[in-house]
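Thanks, I'll keep this brief. Please have the structure up on the screen while I go through the interfaces and then one of the chains.

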Amino acid sequence: MSDLFDAVMLALLLATALAVARARDLVAAVVLFSMYGLTLCLVWQHRGAPDVAITEAAVGAGVTTVLFLIAVARTRREERR
Amino acid sequence: MKGWALALVVVVAATLAIGVQGLPTHDAPEAPIHDHVGARYVERGVEETGMRNLVGAVLLNYRGFDTMVEVVVIFTALAAVLALPRAGSVADAPEALPVSPVVLFVVRLLAPFIALFAIALLFRGHVSPGGGFQAGALFGALFVALGLVLGRRGAARLVPERARPWLQAAAPLTFAAVAALGWALTGSFLGFPQAPELHAVREAMALALEVAIAVGGGVILGSLFQTMEA
Amino acid sequence: MAPFGVDLDYVAVAALFCIGLYMLVAKSNLLKKLLGLNVMETSVFAFIVTSGMVEGGDPPLLVAGAQPPFASPIPQAMVLTGIVVVVSVTAVALSLIVQIYAHYGTLEVDELKERP
């Protein structure tokens with residue numbers, strides 16, 4: 001059971017990281033990055049690192065995402081092909 | 001360009017693949033990371049620092065210098081962001097981003113609970129997951145969420161104008177003060193007195209650091225958001 | 001997990017690092033580069049935290065009822081400070097990127113190179 005959870009989470013991490021790399025729309029990329037951070041936070045909570053998980057959820061997935069979204073709003077949303 | 005990048009990534013991936021072969025299995029209790037100081041921290045950490053959360057014990061006591069310089073890093077980051085000239089004029093920026101009523105309601109509903117959770121993390125951090133850093137991160141996220149729904153003027157009211165620079169500098173200043181006090185008491189910079197009769201002083205020093213990291217860290221994260229958004 | 005003698009967690013972490021590195025060097029958009037840098041950084045954090053884990057180990061909280069073995073507290077404390085440093089780096093970089101866009105009107109590195 002635990003192994004299955006780990007395997008699903010690792011697959012999700014790789015899938016979201018690849019999706020961040022592929023996304024042309026920067027808002028989509030930033031939101032996918034937030035999803036990547038939250039998945040990582042779940043992994044850490046599951047593996048016995050609750051302190052790191054709390055900080056990653058608040059800062060890595062929360063504050064960083066908002067800062068990126070502000071930057072996208074002040075620049076250009078589409079990545080040039 | 002793309003070809004060179006791909007070649008570099010392949011080389012790095014191959015190197016990492018070789019490196020991974022030589023690593024000890026991470027789940028094994030006999031891995032080297034669990035010997036040396038790690039074993040000592042687990043064995044004597046509670047007795048030496050008075051904290052049952054060993055992560056907090058390592059942050060504040062054993063690796064206090066790390067944490068001290070780290071709060072200086074985030075303070076420097078805020079100083080750098082504040083020093084840059086503003087990209088657009090503040091006047092033509094809208095007072096608040098348009099926010100859907102659903103978001104507004106959910107943030108208003110959850111804000112007191114997030115604040116309560118952050119305070120619990122701060123003051124229960126020695127016996128459960130949490131501590132100054134985690135509480136500061138949560139306070140920062142709370143400031144950002146409130147800043148999004150309250151608009152610029154509403155968010156500015158959260159932290160009084162006159163106290164803001166002091167709160168932004170709270171963590172480095174408190175670290176300096178506590179380190180100097182430790183120097184006077186123990187002869188070593190940022191030392192924590194171990195004598196039983198100074199137990200209350202040690203507790204007070206640790207509490208001051210935790211509160212300063214939480215408040216200072218939270219205010220700095222909120223200020224980073226406000227400065228970039230303005 | 002270690003089927004075929006390979007530690008899957010470390011392999012996944014290495015793969016994440018490579019994805020981040022690819023974004024950092026191959027993408028020409030500055031924001032995508034910064035996202036790649038963030039992916040690299042989190043993969044390093046995942047590596048450090050993973051190295052301190054023990055099979056069936058509890059978090060390093062020595063409260064009543066907690067049983068050894070415990071996960072090592074040192075990597076977790078290091079990563080906690082690291083996460084906050086990363087958000088500092090990201091905030092400064094994003095501010096600079098916004099300035100660059102306001103000045104040059106583009107975020108693509110190859111276009112920026114042609115500007116005086």
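Across the interface of chain B and chain A, the rule finds 0 salt bridges. Keep in mind that this is a predicted model. Polar contacts there come to 2 residue pairs, both at pLDDT 80 or more.

Which parts of chain B touch chain A? Helix H6 (132-156) and helix H9 (199-229) of chain B each supply at least two residues to that side. H6(B) gives the most, with 7 residues. Sorted by class, the side of chain B that touches chain A has 14 nonpolar, 5 polar and 1 charged residues.

In terms of contact, 20 residues of chain B meet 11 residues of chain A. The area buried between the two chains is about 1,300 Å², and carbon and sulfur atoms give 76% of that. On the chain B side, Pro129(B), Gln134(B) and Met228(B) lose the most area to chain A; together they account for 32% of what that side buries.

Now chain C against chain B. Here the contact takes 44 residues from chain C and 49 residues from chain B. About 4,100 Å² is buried between them, with 77% from carbon and sulfur atoms. How many salt bridges are counted between chain C and chain B? The count is 0.

On the chain C side, the elements giving two or more residues are helix H1 (8-26), helix H2 (30-51) and helix H3 (73-104) of chain C. H3(C) provides the largest share of that side, 19 residues. By class, the side of chain C that touches chain B has 32 nonpolar, 9 polar and 3 charged residues.

Last, chain C taken by itself. Its secondary structure comes to 4 helices and 0 strands, and along the sequence the pattern reads α-α-α-α. Chain C is more spread out than a compact globule, because its radius of gyration is 19 Å, well over the 13 Å that the globule rule gives for 116 residues. The C-alpha trace of chain C spans about 65 × 35 × 15 Å along its principal axes.

Of the 116 residues of chain C, 61% count as buried. Finally, take the contacts in chain C between residues at least 6 apart in sequence: 46% of these join residues at least 24 apart.

That is what I have; I'll take questions now.

Notes. Residues numbered from 1 in each chain as written. Chains lettered and ligands numbered in written order. Predicted model: local features only at pLDDT ≥ 70, side-chain atom pairs only at ≥ 80, totals over all residues. Heavy atoms only, no water. Contact = heavy atoms within 4.5 Å. Buried area = accessible area lost by both parts, 1.4 Å probe. Salt bridge = Lys/Arg side-chain N within 4 Å of Asp/Glu carboxyl O. Polar contact = N/O pair within 3.5 Å; in protein donor to acceptor, adjacent residues only side chain to side chain. Nonpolar A, V, L, I, M, F, W, Y, C, P; charged D, E, K, R; others polar. Rg over C-alpha atoms; globule rule 2.2 N^0.38 Å. Buried < 20%, exposed > 50% of the residue type's maximum accessible area, 1.4 Å probe, protein only.
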